[in-house]
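Dear colleague,

Please find the structure below, together with its sequence.

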Amino acid sequence: MDDILNDHDLEDLECDLDVAGAKAGRVARRRTAIHDIEPGAEWNDVEQAILTRRSIRKFKARQVPAHMIRRILEMGRFAPSQGNCQPWSFIVVRDRTIIAQMEQYCVGVCKTMTANIDYTNYPPGSAERAAIMENTQKLNRENPNSFHPVPMTAIKSIANGRFAVFHRAPTVILLLLDKRGVGVPEVDIGVVGTNIVLAAQSLGLGTCWVGFSKLLSSNTALVEKLGVAPPFEIAEAVCVGYPIGNPTQQTISRQTHQIVWWEDGNMQILY
Ligand SMILES: Cc1cc2nc3c(=O)[nH]c(=O)nc-3n(C[C@H](O)[C@H](O)[C@H](O)COP(=O)(O)O)c2cc1C
């Protein structure tokens with residue numbers, strides 16, 4: 001960390017954040033000492049943030065103070081990226097009218113998608129059902145991953161008004177991808193977003209990634225109004241707000257993927 005954070009960065013951090021006691025760089029420096037921990041030791045603060053984070057889909061109406069949003073974006077700014085390209089940019093939307101427009105547009109797209117691909121909307125044996133089934137099968141052959149049951153169910157629920165795209169959050173952060181990024185800039189977006197959601201979690205805020213935000217891209221007027229311009233495009237969004245309820249009590253299944261472990265010329269399979 002010392003190599004990366006120079007005094008100039010530290011001053012920047014303190015000025016940008018303007019938060020009393022947030023001597024982030026210096027705290028980070030003090031914590032760079034390498035120390036082993038005993039097996040089974042308590043989870044530290046970072047691990048706790050990772051373990052307790054859940055996607056939040058119900059938010060209090062109360063807005064998050066602007067300085068807290070600045071603070072979590074600052075954690076995004078320090079994310080690693082391939083070639084240090086930092087191929088991202090953020091648009092923070094806290095204007096409820098604009099968020100409502102974004103929501104309305106995405107719902108419209110989901111309605112169109114559902115009408116064009118969900119043949120179960122039409123009676124068995126009908127000509128409409130046969131035509132839509134044929135269309136869906138063709139699209140499925142062309143884009144097999146686009147028809148995963150989870151997003152398809154969500155699209156139907158969004159179209160029917162049972163699931164909100166932006167979860168009625170008071171703040172929506174659009175994560176823009178700079179297409180000039182080297183390698184796979186989409187990965188860098190995942191990394192920067194992870195920093196943001198974990199920082200939010202550590203401050204008691206709730207977040208939810210919104211992959212459906214990409215649907216906005218087909219609304220040229222809205223995209224322009226939001227301030228998205230080439231070479232940037234909307235890659236993802238993160239909703240932010242104060243969670244309703246206790247999200248850490250939600251059970252989310254996690255697979256235990258096997259780990260291939262090579263050491264001293266031997267290979268083991270661990271779980
Ligand atoms: C890149 C990405 C996109 C996502 N898009 C959405 C989305 O559009 N809507 C939504 O409600 N959840 C979305 N999620 C949240 C996932 O559904 C959620 O992370 C997953 O079910 C695991 O639950 P957890 O976040 O509570 O641990 C997304 C997550 C990621 C990482």
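Met152 sits in helix H7; helices here are DSSP runs of H or I with at least four residues, strands are runs of E with at least two, and both are numbered from the N terminus. Met152 has 16 C-beta neighbours inside 10 Å and therefore counts as partly exposed. (A residue is buried if 20 or more other C-beta atoms lie within 10 Å of its own, exposed if 12 or fewer, and partly exposed in between, with C-beta atoms placed from the backbone.) Between Met152 and Met113 there are 9.5 Å in space, C-alpha to C-alpha, and the two are 39 residues apart in sequence.

Please note that this is a predicted model, in which local features need pLDDT of at least 70, side-chain atom pairs count only at pLDDT 80 or more, and totals for chains, interfaces and linings use all residues. Residues are numbered from 1 along each chain as its sequence is written.

The protein comes to nine helices and six strands, and 22% of its 271 residues count as buried.

Leaving aside residues up to four places away in sequence, Val240 touches Val64, Ile69, Ala169, Thr171, Ile173, Ala200, Leu205 and Thr207, where contact requires C-beta atoms, placed from the backbone, within 7 Å.

Helix H8 (residues 185–202) has 18 residues. Among its buried residues are Ile189, Val192, Ile196 and Ala200. The buried residues of H8 pack against helices H3 (45–52) and H4 (66–77), and against strands S1 (88–93), S2 (171–178), S3 (206–209) and S4 (232–241). After H8 comes Gly204, with a positive phi near 85°.

Finally, the residues around the ligand are Arg54, Ser55, Arg57, Cys208, Trp209, Val210, Gly211, Phe212, Glu236 and Ile252, each counted if its C-beta atom, placed from the backbone, lies within 6 Å of the molecule.

Yours sincerely

Methods: The expected span of a helix is 1.5 Å times one less than its number of residues. Two residues are in contact if their C-beta atoms, placed from the backbone, lie within 7 Å.
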